[in-house]
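Dear colleague,

I am passing on the structure below, together with some notes on its aromatic rings. Please read them alongside the model.

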Amino acid sequence: MKWSFLSLASGSSGNCYYLGVSGYGILVDAGIGVRTIRKTLKEKGFDFEKIAAILVTHDHADHIKALGCLGEKYHIPVYATEKVHEGIDRSRYVEEMLVQSRRIIEKGQPFTIRDFRVEAFEVSHDSSDSVGFLVEYGDSRFAIATDVGHITDTVNDYLCRANHIVLEANYDEEMLKTGNYPDFLKERVSSKTGHLSNREAAGFLATHYRPHMKNIWLCHLSRENNHPELAYKTVDLRMAQEGIRVGRDVALNVLKRMIPSEVFVLE
């Protein structure tokens, strides 16, 4: 049973990811324009009209901008916790209130979207509420945690179940320290409710790698405080210290901020 993963955008300017099987797919977050979503999916060979649902991680603008249009105009169900939905209702970035498309989920309570079994799990981040998702299709498991202040026991548990992992590597610690951000923003980014550094992501992946893990994607890189090559190298070197060979034991890719990824086929 094969399925596909595509990153449409991954960063503070917008986040949107696609998981699809033959005949339909789902989005995780919709923080970019509807036209961009339609165009990118068409270019990659996917049918926008076959989007069956949207999963929402949290209510920050770069994850929710297109939800009103997608949910109410295109009648795509929007799945989020009650607190996230309340945050979406308050957001000035969402033009239409979610009414008919509103679906309430609870963390730790599995639900299904056709052939997908989905479970939300709690993530530490400074939003109204914040979750990652574990999505199962057949015997294959995909986990995504896009904005992660730190790796909690809960995040650890869900990510370690997955064959395919999308995990934040937002910033390089030295770049953040010496960069132009004001002190309060540096503190916010590096706090336990902020974002995950390259070093922290690398340490977790290196020490929690399991042979069933096939793909790792680093997501939500900062434009000002990171580089794709630096994030990749940090994880690659740290995993090598544990005897894990990137490219042989596990595939590693870095998702670009505003450039769609290739289509990855998952098994």
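Arg114 lies over the face of Tyr24, at 4.8 Å from the ring centre, where a charge counts as over a ring if NZ of Lys or CZ of Arg is within 6 Å of the ring centre and within 35 degrees of the ring normal. Likewise, the charged end of Arg161 sits over the ring of Tyr158, 4.2 Å from its centre.

This is a predicted model, in which local features need pLDDT of at least 70 and side-chain atom pairs count only at pLDDT 80 or more, while totals for chains, interfaces and linings use all residues. Residues are numbered from 1 along each chain as its sequence is written, and side-chain values use heavy atoms, with hydrogens and water left out.

The structure holds 15 aromatic pairs (rings of Phe, Tyr and Trp, the last by its six-membered ring, with centres within 6.5 Å; planes under 30 degrees apart are stacked, over 60 edge-to-face, the rest tilted). Phe5 and Phe142 form a tilted pair, 5.1 Å centre to centre with 50° between the planes. Because Phe5 lies in strand E1 (residues 3–11) and Phe142 in strand E10 (residues 140–145), this pair ties together parts that are 137 residues apart in sequence (strands, E, are DSSP runs of at least two residues, numbered from the N terminus). Both Phe5 and Phe142 are buried, that is, under 20% relative accessible area with a 1.4 Å probe and protein chains only.

Tyr24 and Phe116 form an edge-to-face pair, at 5.7 Å centre to centre and 65° between the planes. Tyr24 is buried at 6% relative accessibility, and Phe116 is buried at 1%.

Best regards

Methods: Helix = DSSP H or I, 4+ residues; strand = E, 2+ residues; numbered from the N terminus. Buried < 20%, exposed > 50% of the residue type's maximum accessible area, 1.4 Å probe, protein only.
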